Amino acid sequence: MVFAPGTKADAGMVIGTIAFSAARSEMTVLAGVLTRLLSRYDVDSNREGGLGRYDILVAPRTRGEPGAVLEFKVARDARARTVGAALTEGLAQIKRKGYAAQLQQRGAAPIWCYAVACCGKQVFVRRQGERGSHPRPAA
């Protein structure tokens with residue numbers, strides 16, 4: 001599909017690309033931070049797992065150690081309903097696409113699933129099983 005400059009389709013594509021890039025930047029920074037775990041964990045990003053591609057997977061090298069899946073989403077603004085919807089969608093995607101299957105196969109226990117919503121300079125996090133109608137930025 002070709003977008004002509006100045007059209008609505010072009011503007012939407014640019015906005016979508018900027019939002020996508022913001023989440024990818026946050027994901028890249030976090031993946032870099034997680035490399036400290038490399039002595040005990042494999043940290044993978046944007047690889048096929050289950051029925052799709054997870055954003056970050058932290059898999060233990062030893063059975064019985066915890067593992068984690070992180071899915072990143074972009075929230076258009078910081079209203080609780082918008083951020084909450086992004087966090088809910090992130091956790092639903094992890095479950096729907098079976099991203100934790102690889103961790104189960106490797107014997108990870110427990111398996112933690114996190115949704116991360118990026119909104120401008122704020123980052124919100126929710127772990128599977130947590131309830132929260134008022135998401136708070138990550139510290």
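Two strands are said to pair if DSSP finds at least two bridges between them, and strands (E, at least two residues) and helices (H or I, at least four) are DSSP runs, numbered from the N terminus. The model is predicted, so that local features need pLDDT of at least 70 and side-chain atom pairs count only at pLDDT 80 or more, while totals for chains, interfaces and linings use all residues. Residues are numbered from 1 along each chain as its sequence is written, and side-chain values use heavy atoms, with hydrogens and water left out.

**View 1. Overall chain, with three helices and seven strands.** Followed along the sequence, these elements come in the order α-β-β-β-β-β-α-α-β-β.

**View 2. Pairing of E4 with strand E1 (residues 41-45).** The two strands run in the antiparallel sense and are joined over five bridges, with Tyr41 standing opposite Pro60 of E4.

**View 3. Hairpin of E4 and E5.** Strand E5 (residues 67-74) pairs with E4 in the antiparallel sense over three bridges, and Ala68 in E5 is the bridge partner of Val58. Six residues lie between the strands of this hairpin, in which Gly64 takes a positive phi near 90 degrees.
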